[in-house]
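Thanks for asking me to look this one over.

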Amino acid sequence: MRNGGDTGAKAFKAHCFRELEQCLPSIQHGDNPLSLPDGVPTPPKLPPARSLKNELYDTVRKALRAASGVRNAEMKWTNHERLDVYGVRLVGWPSDIPVANPSSLKVSQNKIILNCLENGELRFERLFPDAPPPLIESVNDTSPVIDEFPTVQQLKNSDSFSWVSLDPSDPSTSEDSKPTVYQTKENEDTFWQATDDASAMIGDLWTDIDIASLLKNDMGDTSHSLSEAFKENDLFGELEPKDTEWICINSNFVTETQTFYVSAVDGKFIILQVIHSSVGLWYPNVQFVFKLYDSKTKQILWKSINVNNFVASPTGLDKRSCKADEFSITYKQNPGTDYPESYTITANLAADLQLSFDIARPAGVPGWKVGKGPRGGFTYFGSDPNNAEGYAIHRFWPYTKATGTVISAGKAVTYQGPSMMVKAIQGMRPNLLASAWNFANFQSQEHGGVSAIQMEFKTCATHGRKGAGSGGVWVNIGSLVVGGKLAAITAETKWPDEEPRNEGVISRTTHQNAVYDPDTTYNAPQQILWQWHGPSVLPHAPGTIKAKLDVDLGSLQKPNGLIEKVDVLAEIPYVLKMAVNYVAGTKPYIYQVSSLPYGFDRC
């Protein structure tokens with residue numbers, strides 16, 4: 001209808017529904033049968049084959065929604081791998097039955113599937129069994145639902161004026177007729193990073209903090225700290241293959257990142273990062289971020305792009321690999337060698353910017369998470385870990401060997417040096433996760449290889465020992481690598497009403513000589529002290545490992561090693577800026593510092 005505008009379109013839509021309600025025969029739709037006009041006879045019962053298919057559709061849908069916690073979850077009949085958008089997987093599909101929609105299967109095959117569901121042989125399993133269910137009522141999954149027709153009421157509630165007829169037997173309208181990719185468009189460059197943050201900031205995507213403590217939010221007067229969750233001799237949990245797989249959950253406020261930090265031997269600092277974020281959009285936002293800092297010339301080369309056709313688990317590879325049109329990250333195994341695991345990263349970020357890096361993990365430095373088993377590496381928010389308000393997951397390769405080449409403006413430069421990797425998932429709104437962050441990353445090839453990393457964050461006021469208003473809890477984790485061997489894992493929780501202890505496990509960041517910074521309105525430290533004190537994980541060297549990292553940041557007028565102060569809100573994409581508009585009167589900033597040489601003492 002031309003020139004009708006929104007009013008005319010709505011009027012036409014209402015007219016169509018009036019006609020539809022008058023002539024549409026009765027169609028069962030779940031528990032909501034459509035009413036029949038007077039005088040229209042009740043249609044005959046559905047034939048057995050159709051009745052069986054309806055029962056199968058309904059049973060599968062209910063099982064999927066119960067397992068995932070997503071109220072609008074729909075089965076991916078022809079591509080079960082796509083169920084990971086709901087945080088679940090399908091286990092036990094009969095091997096002699098094609099992976100297909102029931103409409104294209106035989107009656108006998110549908111009976112087998114239904115029987116397998118009823119006896120538990122076919123079931124949905126959570127990807128993270130001990131993680132809380134998604135804190136959402138629905139997932140923005142735009143795949144068409146092809147196993148049932150909508151009710152008139154559902155059509156009325158739709159804001160779409162488009163009309164389409166879907167035939168379940170027509171492959172062209174199948175929900176899985178297109179590749180499993182995310183289509184995004186080129187957007188303005190965006191920037192997420194941190195090395196040290198002395199401010200309140202929004203969900204830093206390069207240095208999310210990993211803890212295994214249970215924090216409380218207005219649900220009683222008990223909480224479970226990191227030290228209570230894992231005793232000091234149980235802090236080290238070696239990474240398992242699934243710990244670094246891409247999950248790619250497509251639901252509200254879930255952000256997943258993989259970040260590589262390279263400390264090149266010639267004073268260059270390089271960051272490579274993939275960000276997969278869902279903030280209530282119709283599709284996830286996937287970015288590749290690159291930054292190169294030259295400590296001698298103070299020059300910064302930075303690029304961040306939205307990528308196209310992102311996929312995890314590319315053909316022939318598992319979910320530790322991913323790719324898009326603009327980049328690829330390929331996981332490789334080399335068992336029995338000095339470097340049993342590695343990643344190869346390639347990217348074409350612009351006509352004048354390409355890169356290629358190999359990141360290899362030494363056999364003596366296993367990847368780690370805080371705590372063993374499926375709960376290791378998890379942060380839980382809320383009084384009940386089985387029904388938590390939110391969560392975060394972090395896993396580390398603390399010391400790796402990096403070699404690579406960057407081609408910029410027609411010039412190729414090779415880099416090599418120690419590096420680290422962190423895999424992180426943030427399963428809650430970023431404004432509820434933390435109000436301040438600190439991150440230290442010390443890497444050296446001296447003495448056979450030395451690494452000291454530490455992440456710390458401060459909870460918001462909503463999460464503390466006694467619920468809302470008792471927050472401001474400092475949580476810190478870290479690790480030490482000495483002589484090319486993983487030596488210690490540290491973790492510490494400091495409650496607002498407690499003084500820091502000087503015994504047991506210590507994992508701590510201390511700001512010193514803080515002064516008001518008019519650029520950011522925060523009290524910026526002029527010196528930072530990082531401390532590690534924990535039990536050795538070296539079988540041939542039991543006892544306690546201690547270390548400290550003392551960094552002089554200089555003054556506001558003459559800073560030492562300051563790369564830049566990043567105004568987070570000025571750098572993030574518009575849609576993310578709208579998602580974090582909770583910031584009122586305060587701007588989050590990131591202070592990034594590269595100090596050479598570091599003050600590092602080990603005793």
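The points below take the strands and then the nonpolar cores.

1. A word on the basis: this is a predicted model, in which local features need pLDDT of at least 70 and side-chain atom pairs count only at pLDDT 80 or more, while totals for chains, interfaces and linings use all residues. Residues are numbered from 1 along each chain as its sequence is written, and side-chain values use heavy atoms, with hydrogens and water left out.

2. Let me begin with the open sheet, where four strands follow the order S18-S19-S20-S21 with antiparallel pairing. Strands here are DSSP runs (E, at least two residues), numbered from the N terminus, and two strands pair if DSSP finds at least two bridges between them. Strand S18 (436-444) and strand S21 (485-494) are at the edges with a single partner strand each, so one side of each has no neighbour in the sheet. From one strand to the next the twist averages 5° (axes are lines fitted to C-alpha atoms, and angles run from 0 to 180 degrees between N-to-C directions).

3. Within that sheet, strand S20 (residues 474-482) runs antiparallel to S21, and nine bridges join them. Trp474 sits opposite Lys494 of S21.

4. Strand S13 (residues 353-361) pairs with S16 in the antiparallel sense through eight bridges, with Ser356 opposite Thr405. Strand S15 (residues 378-381) is also antiparallel to S16, over four bridges, and here Tyr380 faces Tyr391 as its opposite residue.

5. How many bridges join S16 to strand S17 (residues 411-426)? There are 15, and the two strands run antiparallel. Ser408 has Lys411 in S17 as its bridge partner. S16 and S17 make a hairpin with two residues between them, and Ala409 in the turn has a positive phi of about 55°.

6. On to the largest nonpolar core, which has 34 residues; Phe288, Phe290, Phe310, Phe327 and Leu355 touch the most other members. Such a core is a set of buried Ala, Val, Leu, Ile, Met, Phe, Trp, Tyr and Cys residues joined through side-chain atoms within 4.5 Å. Among the strands that each supply at least two residues of this core are strand S7 (285-294), S13, S16 and S17. Apart from it lies another core, of 24 residues, including Val70, Trp93, Ile97 and Leu117.

Methods: Buried means under 20% relative accessible area, exposed over 50%, partly exposed in between (1.4 Å probe, protein chains only).
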